[in-house]
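The sequence and structure come before the details.

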Amino acid sequence: MMDIQIRNLTQRFGSKTVFRDLSLTLEDGGLYGLTAPSGRGKTTLLRILMGLQKPDGGSVQPAGIRWSAVFQTDRLLPGRSAVEQLLFVRGSRRDRDNACAFLSGLLLENSLHQPVEQLSGGMQRRVAIARALWAESDCVLMDEPFTGLDEATLRQTAQFILTNRQGRTLLLSTHQKELLADYPFRWLSLPEE
Amino acid sequence: MKPAKSTKTLRRGLLVTLFWLGIWQAASMLVAKPVLFASPLDTLKALLELIPTGDYWRSVLGSLGRISLGFLLGLLLGLLLGVASFRFRLLRTLLSPLLTLMKTVPVASFIILILVWFGSAWLAVIVALLIVLPQIYFSALSGLESTDRALLEFAKVFRVPGGRTAWGIYRPALMPYLTGSCASALGMSWKAGIAAEVIGTPLRSIGEQMYLSKVYMATAELFAWTMTVILLSTVLEKLLLRLLRSLGT
């Protein structure tokens, strides 16, 4: 994979400019934290990177990057277990044991096969995080992945993310920068318009 | 100990059935003319006389085959056109007036037109198809449109293959709509199919037997054939719902 070049990105919503001529470089395999007050465009930037939103100007290079992501909401398949959430994005029934082993780094064994609706909000969030890391991708994006997690779980989850990103570029937006001070994130911020 | 819920439901169902059988018996006693209004006992007697005959089974199988074929073709076509219209907006715009027309044109008009164009042999098949198709088409469209956009975005970002997205995201959104409309479409296809058979009187059909019952004023037999239709339609509906629910999970 090459570095990801974000060049002169501009996004407006009506008369409001969210960001203008934003340029960033994400080095291949880099670990990035994105922090900015609410409304500054963190989610919008991630959606543009994933190709879910077309910017008003600028570009993201190279094309064809394989993304995996944790969205602002969990977006888990209703009625399916945590293991099935993973197998939906990669693998088949044969990979079930591997998926179980992977998830057991974040969740208790007895919660892996329950429909996700029966898990707590924090557990569902961790399933979404595990799914993003389990998927085959070049770059992992995470939009406020630690929402709803207490401090101890946040640290355990952060460690899980670092262990399992397997050299992929990772960009994570968060309001909880101070709780991640011990981790080797390079911090980016979005300027006020 | 309290009776189990299923026993309670069964008991309640039995009581309701007995209540309506009582009303039926009372009404037949009030009319007091078996040639106009057969009693439950007369109907049961007529049914027990019909069941061992070859004609009964040939007629049942004939109608069952024709109406089921029409229903299945309507289901398949409705589903295919619904999916295609969801995918291609132009096709949807093109089909919209035709399917709305199919939904609103009286069944009797269809029956007469089909009789004129194709004769009676395929009448029940085509009528059942025309009744089922628009119902399934519109419910398939509604189901697909109710699919969670957030989940579709997730599948797009993760490059989940189309087949897996269809099975894992579209199917669960579609099935509740399809299950509901299938049940009502099946009932409607039997009603319309039998009505078509009574008018067209194709050989080896329940409709033909009902028509003959009317001609010979054999009201108990007419009631027995009606009971047969109700029984067939109910059993098929339950089987279909069970199948669709297993596909929906």
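Two strands are taken to pair if DSSP finds at least two bridges between them. The model described here is predicted.

In chain A, strand 1 (residues 4–13) and strand 2 (residues 16–26) run antiparallel and are joined by 7 bridges. A:Arg12 has A:Thr17, in strand 2 of chain A, as its bridge partner.

**A buried leucine in chain B**

B:Leu81 lies in helix 3 (residues 54–87) of chain B. B:Leu81 counts as buried because 21 other C-beta atoms lie within 10 Å, and the cut-off for a buried residue is 20 or more. Leaving aside residues up to four places away in sequence, B:Leu81 touches B:Leu95 and B:Tyr137. B:Tyr137 is 56 residues from B:Leu81 in sequence, yet their C-alpha atoms are 6.5 Å apart in space.

**Contact between the chains**

The contact takes 15 residues from chain A and 11 residues from chain B. On the side of chain B that touches chain A, helix 7 (149–157) and helix 8 (162–200) of chain B each supply at least two residues. Helix 7 of chain B gives the largest share of that side, 5 residues. The table lists the side of chain B that touches chain A by class.

| Class | Side of chain B that touches chain A |
|---|---|
| Nonpolar | 7 residues |
| Polar | 1 residue |

Note on methods: Residues are numbered from 1 along each chain as its sequence is written. Chains are lettered from A and ligands numbered from 1 in the order in which they are written. This is a predicted model: local features need pLDDT of at least 70, side-chain atom pairs count only at pLDDT 80 or more; totals for chains, interfaces and linings use all residues. Helices (H or I, at least four residues) and strands (E, at least two) are DSSP runs, numbered from the N terminus. A residue is buried if 20 or more other C-beta atoms lie within 10 Å of its own, exposed if 12 or fewer, and partly exposed in between; C-beta atoms are placed from the backbone. Two residues are in contact if their C-beta atoms, placed from the backbone, lie within 7 Å. Ala, Val, Leu, Ile, Met, Phe, Trp, Tyr, Cys and Pro count as nonpolar, Asp, Glu, Lys and Arg as charged, and the others, Gly among them, as polar.
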